[in-house]
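My plan is to jot down each thing I look up, one entry at a time.

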Amino acid sequence: MKRKLLISLGVVVLFVGAFGAMMATAFIGLAPVTPFTALPNGVVGVTDGYVQAFIVPCGDDSAVLIDCGQDPEAKVLKGKLAELKLTVKAIFATHGHSDHVGGCGAFPQADLYALEAERAVAEGSAAAKGPLTQMAKNDPAKMRKLTRGLSDGETVQVGTVAVQVFAIPGHTAGSAAYLADEVLFLGDAVAGQADGHVRNAPWMFTDDGDQCRASVQGLAKKLAASGAPVQSLAFAHSGPLQGLGPLTAF
Ligand SMILES: [Zn+2]
């Protein structure tokens with residue numbers, strides 16, 4: 001009996017250790033995240049637990065959100081918006097994982113956008129396909145419906161801000177990057193490292209890592225060719241990096 005207990009305990013310790021090591025490889029060496037991060041043109045990164053969402057002011061005391069965090073009440077985001085005296089007009093979800101769309105219900109007046117290809121995951125009718133995320137489908141009763149599904153290459157004007165939409169499938173099938181006010185929002189597709197490089201999305205939360213890498217490389221090429229100014233790269237789970245360089249070097 002005692003032996004069985006010890007074996008069970010050993011298995012648990014091994015499992016926890018392996019899980020810890022897996023998480024450590026995903027997060028060690030990332031550019032540090034701060035509670036609030038000032039980015040160019042008044043854009044603010046807001047940390048909600050272990051994820052960041054971003055406020056992009058768009059004139060007339062209004063703002064666009066890039067993702068809306070994991071807190072169903074969006075307390076930290078709402079606090080910062082109140083401090084800045086901004087009302088949310090529209091939310092652009094980079095993808096449908098719960099830590100990116102969990103707070104959308106707290107902004108019922110705001111339009112909610114994601115790529116059409118991400119609709120099922122964002123609205124909770126399907127799970128994403130990553131090794132761990134496939135076990136964590138959103139609850140459709142708690143999710144907002146999209147106002148409209150976006151297409152790759154379109155630009156959505158909200159107040160003074162033009163949000164350019166790029167499909168970067170891989171982390172999830174409908175993952176998007178958005179370029180607004182010279183900040184490129186990459187969601188979870190890549191993260192910024194403290195050494196100035198970017199790294200691919202962690203495999204255990206990702207549908208298809210190779211596709212994710214190829215999508216990001218394609219986006220970097222497209223943006224470099226277009227000459228569109230990119231002052232900052234904004235990531236959901238790390239601090240930001242400056243300029244497009246880290247992405248073209250990826
Ligand atoms: Zn994700």
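**Entry 1: a serine to start with**

In which strand is serine 62 found? I looked it up and found serine 62 in strand β4, which covers residues 62-66. A reminder to myself before going on: this is a predicted model.

Leaving aside residues up to four places away in sequence, I listed Pro57, Leu86, Thr87 and Lys89 as what serine 62 touches.

**Entry 2: the sheet**

From β4 I moved on to the sheet. I read off an open sheet of seven strands, in the order β1-β2-β3-β4-β5-β6-β7, with mixed pairing. Which strands stand at the edges? They are β1 (36-38) and β7 (148-150); each has a single partner strand, so one side of each is left without a neighbour in the sheet. I also noted the twist, which averages 25° from one strand to the next.

Then I walked through the pairings from β1 onwards. β1 and strand β2 (residues 44-48) run antiparallel and are joined by three bridges. Here I found alanine 38 opposite valine 44 in β2.

The pairing of β2 with β3 is also in the antiparallel sense, over five bridges. One pair I wrote down is threonine 47 with its bridge partner in β3, glutamine 52. These two strands make a hairpin with two residues between them, and glycine 49 takes a positive phi near 70° there.

For β3 and β4 I counted off four bridges, again in the antiparallel sense. Phenylalanine 54 has isoleucine 66 in β4 as its bridge partner. The hairpin of β3 and β4 has four residues between the strands, and glycine 59 in the turn has a positive phi of about 85°.

How many of the residues of β3 are buried? I got six of seven, which leaves β3 mostly covered. I then looked for a helix against these strands and found α2 (residues 75-84), which lies across β1, β2, β3 (51-57), β4 and β5. Helix α2 runs at about 150° to β2.

**Entry 3: the zinc ion**

Which residues coordinate the zinc ion? I listed His95 through NE2, His97 through ND1, His171 through NE2 and Asp188 through OD, at 2.1 to 2.2 Å. For anyone setting up a metal site, the spacing of the donor residues in sequence is H-x1-H-x73-H-x16-D.

Why is the arrangement of the four donor atoms called irregular? The angles they subtend run from 95 to 161°, and a tetrahedral label would need all angles to lie between 85 and 135 degrees.

**Entry 4: salt bridges**

How many salt bridges does the structure hold? I found six. One of them joins the side chains of glutamate 73 and lysine 75, at 3.8 Å from N to O. Both ends are exposed: glutamate 73 at 51% relative accessibility, and lysine 75 with a relative accessible area of 52%.

Glutamate 123 and arginine 119 are four residues apart in helix α4 (residues 119-123), which means about one helical turn separates them. Glutamate 123 is buried, with a relative accessible area of 10%, whereas arginine 119 is partly exposed at 24% and glutamate 116 is partly exposed at 41%.

**Entry 5: a last look**

I ended on phenylalanine 205, in the loop between β13 (198-200) and α5 (209-226). With a relative accessible area of 22%, phenylalanine 205 is partly exposed. Its C-alpha atom is separated by 28 Å from that of threonine 155, 50 residues apart along the chain.

How values were computed: Residues numbered from 1 in each chain as written. Predicted model: local features only at pLDDT ≥ 70, side-chain atom pairs only at ≥ 80, totals over all residues. Heavy atoms only, no water. Donors = N, O, S within 2.8 Å, 3.2 Å for Na, K, Ca; no water. Tetrahedral: all angles 85-135°; square planar, octahedral: opposite > 155°, others 65-115°. Contact = heavy atoms within 4.5 Å. Pairing = 2+ DSSP bridges. Axes fitted to C-alpha atoms, helices over the stretch in contact; angles between N-to-C directions. Salt bridge = Lys/Arg side-chain N within 4 Å of Asp/Glu carboxyl O. Buried < 20%, exposed > 50% of the residue type's maximum accessible area, 1.4 Å probe, protein only.
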